[in-house]
Amino acid sequence: MSLSKGPHCSFVLLAEFDIDSGAQLTYQFPQPLGTDEGLLANLMLPDGAERHLEDWTIFFLNQTPFNTISPVLALETPEPSHDQPSDGESRSELIYVLNLVRTKHDKAARRGAVVKAMAICTRHPFIQIFKPVLLLALDDYFANPSQDCLARLFDAINSMDITGAPDLTRYERLIMRASDRKDIFAELFTGPKILDNPLNFNGPHSKLQHKTTLSTGSHSSEDGILIRGRNPYHDGVRERSTTESSTTSSYQQQPNPSSPSDSSFSLGGSAVWVGDESVILDSQVGVAIGGGPGSVTSGGGTLASRGRRSTDASSSSSSHGFGREHGTYSGAIPTTSDPHLRSGLSKDTHFFQTTIAYKGHQLPIKLPLATFPEEVGDYSLIQLIQTFSTPIVTISGPLHPHLHTNGSLTHPIIILFNALVTGKRILFLGHNIPAGQVANYVLSACALGSGCGVILRGFIERAFPYAGLAGGEDWVTTPAYIAGVTNPIFETSGSWDLLMDIGTGRVVVSKDIHTSFPPTITPPAIVPLVSRTGTIRAEGSAASEEEIARIATRDGKDSNQKSDFAAKPDCLDNLFIEDLISAITSRFGETLVRMRFTEYVARFVRLASRYEEVAAGSTKLGFPSAPFVDGSLGSGVVFPDEAAAFKELAANASRIEGWRRSKSYQYSTIDFQKHQATNAIQGFDLLHQLSRLRLVKNIPDAEVELIVRTIADNVQSYEQVVELLAYMPPPPHAGGLQPLGFCLFHQQESVREATVDIFNELRTHPVGVIFLQELNHFQRYAYVRQAHARESRAKECSNQLVPPPPFASRTPSNRSEVSLGRI
């Protein structure tokens, strides 16, 4: 989404509760919305609001015909988003409404209380950032009720300056949300130029140096290694690397411009740091890559010094920086560890820090930069999982193949996920619970189904975080709605397929679920994947109608039931939820849980692609499944073995069939085609190759060589580097570059050389340097050693003007020809 285009706040609303006439919409600023005022007033004053001193609610506009606005003056339309592909349908932009309702007890008032609510309408999904200013504005209105309060709030929000916030691409957001580093993508932030800073004593050409303390062997203790080079921003435009594709023998002909030199190599100098702290770079401030802030010197003066123990690439190191002449990135913004350089910088680059000025108050605002459109508000997957994973949770109602993928042992969270992706009507009930809490469960469910906004979409457009009796006849008729209510009358209406009772922990499947969603009578032609095991049983496979008729009744736990409703304690979904609960119990945070669900939904989509191929002969969801053949890389979802493939596809067959009938599936096919056309890395299934390196044992040497060489040849620009790293989340969520790092120890020289090519390209970008820092010490040193050896060979060849013999004097491995003494 574009952050800087269009107003931050489109409307401000004020509603009051009148004893005689009920909820009333008092003000709409700057103009009427052109929709049902009674509906807006009842959404702003939820049922039971008078029982709570304060409550936050969330609802959306422009979802359906009954809540679409038509103001007299058209709103400015922002530019299309990077991550919200068009589906060819023309629809108004979704508007998110954050509402604060407050009850003030007043003995002088009728019935002893005054209830007022104020709401802001915005196109930003991160609506939680506006809570502080909305609190002040409602206080202001209680003290002096007039439309001027709304005007002040409107002007204050729209004057918020976010022009310096980077507009990240899809893959940059994926990297940012997976990284715990607080300096990730710091180079994309615009900040004060160090040239204008009085700390730059000797001008822009002052040498940046590092001091070396010699020790025995090849180890040294250094204060820091300083590097200087090009700035990726020139006049506010981000540079992209345009390095041409290199060949296997390029390093033999001339020195690799992105390889380290003999005198200035490390992941940013001549050392591989052992420390784990990070630092933000600057075009004139040096950095010890992989460690904390190093010594920053100008001439002979040291500004800061925090030494790190390191392992040198050689026994001697030079004081030369590594800059433009080597094609290596080395600059961004001043380090936040220096108090003199801290002005205007964010302490955490996951957020853009700005302010909102309201009546003399400067309210600090932290704008999240890695948010996707399907993520609204400050939702919590941990809260959702914990609520429906307690011993008091009960599951009732008939079993359905779309929902109960593990029979009676299907976990409530998996039932919810299945209901979301297969397009069931879901109702969250919170009797006597604040409407704001109920709304958070709905938003969490939308994030759950979409893979935290990364994989699927189409959930927010049918979500009603708070829904009341007013307009009930409209939202209830919305197909596959996801609604939150506080009035228990909706439970008795029966117009839902899955009820999630927040207060009591009940999970209820509608008794009419089989009438609303009858199983398929004619199954797809599933080809047996494993002959000795049989075929995949889809929801309507042969003889399943008898089973469905039997289990649709209350005595569905018949001992003879099998197929789709066979409950297995070791089901992969159950193990997945157990792992999540264990992580939550161990105090892992929300970020890890979100990453795990993103991986879960991504795996589901790739399984659906494979299922489509088996059932229909082709797929619209992903690359066709193909094994590695000499000279041709494989593609598609990766399984450890054929037995695991059958087990996983069979467990997912029913919900895949249900998903294929949903609008989310249609969006997914459109998005895949869009990504295929716009991705920087083209021509092969990158995720398949990385999964092969990560998961498969005894992978053929020829395949490993082709994988790493293909990646090396296709990762030659900034966009390609970012796309590669987005598929390799760093620890603790995944292994980061570790699968490629192991290739540094491969027995074949060509594999190791191609891996060095990849890492050299990564090292030319600050985000790549951060990922290289996450390698373990053995892999980092192996990279340093091999890249240093390559550079030394290139220098020797340059001096002798004689081309080196192929594979001569390479860095040996434990199984290479050199180490075995055969050459």
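Modeller: Start with the rule for rings. Two rings of Phe, Tyr or Trp pair if their centres lie within 6.5 Å. Planes under 30 degrees apart count as stacked, over 60 as edge-to-face, and the rest as tilted. Keep in mind that this is a predicted model.

Colleague: How many aromatic pairs does the structure hold?

Modeller: The structure holds 18 aromatic pairs. Take Y171 and Y727 as one case. Their ring centres are 6.0 Å apart and the planes meet at 55°, so this pair is tilted.

Colleague: Which parts does that pair tie together?

Modeller: Y171 lies in helix α4, residues 170-178. Y727 is in the loop between α19 (718-726) and α20. The pair therefore ties together parts that are 556 residues apart in sequence.

Colleague: Is Y171 buried or exposed?

Modeller: Buried means under 20% relative accessible area. Y171 has 11% relative accessibility, so Y171 counts as buried. Y727 has a relative accessible area of 26%, so Y727 is partly exposed.

Colleague: What does an edge-to-face pair look like here?

Modeller: Go to F759 and Y783. Their centres are 5.4 Å apart, with 85° between the planes, and the pair is edge-to-face. F759 lies in helix α21 and Y783 in helix α23 (residues 777-800), so the pair ties together parts 24 residues apart in sequence. Both F759 and Y783 are buried.

Colleague: Which residues form one aromatic cluster?

Modeller: F417, F576, F597, Y600, F604, W659 and Y665 form one.

Colleague: Next, charges over rings. Where does the charged end of R594 sit?

Modeller: It is over the ring of Y379, 3.9 Å from the ring centre. Another case is K131, whose charged end sits over the ring of W56, 5.1 Å from its centre.

Colleague: Now strands. In which sense do β14 and β15 pair?

Modeller: First the general idea. In a regular strand, side chains alternate between the two faces of the sheet. Here β14 (residues 351-358) and β15 (residues 361-368) pair in the antiparallel sense over 8 bridges. T355 stands opposite P364 in β15. This hairpin has 2 residues between the strands, and K359 takes a positive phi near 50°.

Colleague: Last, the surface. Which residues form a nonpolar patch?

Modeller: F742, F745 and F778 do, with about 370 Å² of accessible area together. Locate F742 in the loop between α20 (738-741) and α21 (749-762). Its relative accessibility is 49%, so F742 counts as partly exposed; exposed needs over 50%.

Notes: Residues are numbered from 1 along each chain as its sequence is written. This is a predicted model: local features need pLDDT of at least 70, side-chain atom pairs count only at pLDDT 80 or more; totals for chains, interfaces and linings use all residues. Side-chain values use heavy atoms; hydrogens and water are left out. Patches are made of residues with over 30% relative accessible area and no salt bridge: like charges are joined within 9 Å, nonpolar side chains (Val, Leu, Ile, Met, Phe, Trp, Tyr) within 5 Å. Accessible areas come from the Shrake-Rupley method with a 1.4 Å probe; for residues, only the protein chains shown count as cover. A salt bridge is a side-chain nitrogen of Lys or Arg within 4 Å of a carboxyl oxygen of Asp or Glu. Helices (H or I, at least four residues) and strands (E, at least two) are DSSP runs, numbered from the N terminus. Buried means under 20% relative accessible area, exposed over 50%, partly exposed in between (1.4 Å probe, protein chains only). A charge sits over a ring if NZ of Lys or CZ of Arg is within 6 Å of the ring centre and within 35 degrees of the ring normal. Two strands pair if DSSP finds at least two bridges between them.
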